[in-house]
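I set out to record, entry by entry, what I looked up in this model. The coordinates are displayed first, and my notes come after them.

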Amino acid sequence: MTAALDLTADPVDLTRALVDIPSPSRQEDAIATAVHAALESTVAAFTGPAAGRTEVIRDGNRVLARTRRGLPGRAVLAGHLDTVPLADNVPCRVTSEADEQILHGCGTVDMKSGDAVFLHLFALLADSEDLVHDLTLVLYDCEEIEATANGLGHLERSHRDWLVGDVAILGEPTGGLIEAGCQGTLRIRVHARGVRAHSARSWLGDNAVHRLAPVLGALAAYEARSVDIDGCVYREGLQAVRMSAGVAGNTVPDEAWLDVNFRSAPDRDTDAALAHALDALGLAGLPRVETGEVPPTEPGLYWELTDLSPGALPGLSAPAAADLVRAAGGRVRAKYGWTDVSRFAALGIPAVNLGPGDPGLAHKRDEHCPAVQITEVTRTLRDYLTTPG
């Protein structure tokens with residue numbers, strides 16, 4: 001039995017409670033059930049301006065809540081409930097360092113601390129006279145795995161109206177700063193075909209691994225671009241991330257493949273990002289293999305696009321986003337990596353990342369988050385949600 005969640009509790013304590021409910025991707029039923037029950041109980045107790053004007057729904061392992069108070073704007077608070085696989089780091093463990101509490105455990109950074117802040121603020125402010133923006137809370141599953149399983153993507157198709165707002169705030173770990181926009185990402189698998197032969201008679205073969213040499217050379221020589229957008233500097237990267245080849249220790253391989261990941265600045269759309277990557281790798285004009293197809297057997301190089309997601313521009317000039325920047329004391333930097341802000345940006349909604357925790361600790365066995373960051377992010381967002389623009 002999962003203990004009932006108290007959404008009005010200190011968000012530090014709520015973080016601990018959420019971490020103690022294991023929720024690796026595709027195993028979010030228990031946490032979704034607990035969050036849904038807690039929100040329904042909280043909303044049922046409203047007696048103020050949100051009474052009868054607040055909805056809570058569950059769609060699979062996605063839980064949504066929103067106020068309909070007719071306030072001037074709407075802020076969407078969005079976070080994922082899933083984590084990467086556990087690594088003997090649940091339940092949550094608390095230590096002290098220089099009189100500062102530190103929470104250890106899977107999800108303390110990515111991103112149950114952010115979820116706790118959002119849940120706490122919804123419970124605290126939805127029925128409060130101090131609230132100046134209507135609120136939508138979106139908690140979803142399967143963010144940590146392939147994009148086709150992403151719960152927010154599912155909601156785009158099933159409940160798109162729930163994603164509409166003047167600004168969307170993703171609770172991804174940012175160390176309490178606003179990380180604006182995000183990089184685009186794509187992966188290309190370069191297939192090499194050769195001719196198999198005994199290595200003692202290598203001249204009778206065509207080594208598929210050697211055919212990848214020009215691509216590896218291009219990667220080694222690649223100079224990454226940095227671009228400043230709205231005061232946020234995004235640095236691109238083109239990297240080999242995985243490869244496979246070889247038949248036996250005495251055989252010239254006739255097949256090999258190499259995966260390349262390109263992280264693009266958000267001023268490139270997906271077409272421009274793909275064109276740049278192909279050109280940089282020397283693949284422009286070479287045959288493409290469609291997803292799921294077997295590459296031709298003729299010796300040569302072929303490429304396959306295995307992943308493609310657009311970046312998101314900072315969007316900080318939108319009034320609601322500018323107000324949030326002011327509430328955060330102007331502390332803004334570029335987001336390195338891809339996040340679901342891209343999905344909101346594609347819907348025309350300014351979106352930023354803002355959450356507790358060092359993003360460099362996400363997914364690590366020793367993932368941990370200072371309690372003070374959870375408190376600070378809660379204070380920043382509370383100020384934003386209760387201060388007229």
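This is a predicted model: local features need pLDDT of at least 70, side-chain atom pairs count only at pLDDT 80 or more; totals for chains, interfaces and linings use all residues.

Entry 1. Eight strands form an open sheet, and I read their order as β1-β2-β6-β3-β7-β18-β8-β17. The pairing in this sheet is mixed. In general, strands of a sheet pair through backbone hydrogen bonds, either parallel or antiparallel. I then asked which strands are the edge strands. They are β1, residues 54-59, and β17, residues 332-334, each of which pairs on one side only.

Entry 2. I examined β2 (residues 62-67) together with β6 (residues 133-140). These two strands run antiparallel and are joined by four bridges. Which residue of β6 is the bridge partner of R66? I identified T136 in that position.

**Entry 3. Helices on the sheet.** Helix α2, residues 29-44, lies across β1, β2 and β6, and its direction is at about 165° to β1. Helix α3, residues 112-125, also packs on the sheet. I listed its strand contacts as β1, β2, β3 (73-80), β6 and β7 (167-170). The direction of α3 makes about 140° with that of β6.

**Entry 4. The contact of α2 with α3.** I checked how the two helices meet. Their axes come within 10 Å and cross at roughly 15°. Because angles under 35 degrees count as roughly parallel, α2 and α3 are roughly parallel to each other. I recorded the crossing as right-handed. On the α2 side, the contact is made by I31, V35, L39, T42 and V43. On the α3 side, I noted K112, L119, F122 and A123. By class, I count seven nonpolar residues, one polar and one charged in this contact.

**Entry 5. T83.** I located T83 in the loop between β3 and β4 (93-97). Is T83 buried or exposed? Its relative accessibility is 1%, so T83 counts as buried. Leaving aside residues up to four places away in sequence, I found that T83 touches S23, P24, S25, C106, G107, D110, K112 and E144.

**Entry 6. Cis peptide bonds.** Most residues other than glycine have a negative phi, and most peptide bonds are trans. V90 and P91 are joined by a cis peptide bond with omega of about 10°. P91 is in the loop between β3 and β4. D110 and M111 are likewise joined by a cis peptide bond, with omega of about -15°. I placed M111 in the loop between β5 (100-104) and α3.

**Entry 7. Positive phi.** I found that C142, a residue other than glycine, has a positive phi near 60°. C142 is in the loop between β6 and α4 (151-158). With 6% relative accessibility, C142 counts as buried. H363 is not a glycine either, and I read its phi as positive, at about 75°. The loop that holds H363 runs between β18 (351-353) and β19 (368-370). At 44% relative accessibility, H363 counts as partly exposed.

Conventions:
Residues are numbered from 1 along each chain as its sequence is written. Side-chain values use heavy atoms; hydrogens and water are left out. Two strands pair if DSSP finds at least two bridges between them. Contact means heavy atoms within 4.5 Å. Axes are lines fitted to C-alpha atoms, for helices over the stretch in contact, and angles run from 0 to 180 degrees between N-to-C directions. Angles under 35 degrees count as roughly parallel, over 145 as roughly antiparallel, 65 to 115 as roughly perpendicular and the rest as oblique. A crossing is left-handed if the near helix is turned anticlockwise from the far one by less than a right angle, and right-handed if clockwise. Ala, Val, Leu, Ile, Met, Phe, Trp, Tyr, Cys and Pro count as nonpolar, Asp, Glu, Lys and Arg as charged, and the others, Gly among them, as polar. Buried means under 20% relative accessible area, exposed over 50%, partly exposed in between (1.4 Å probe, protein chains only).
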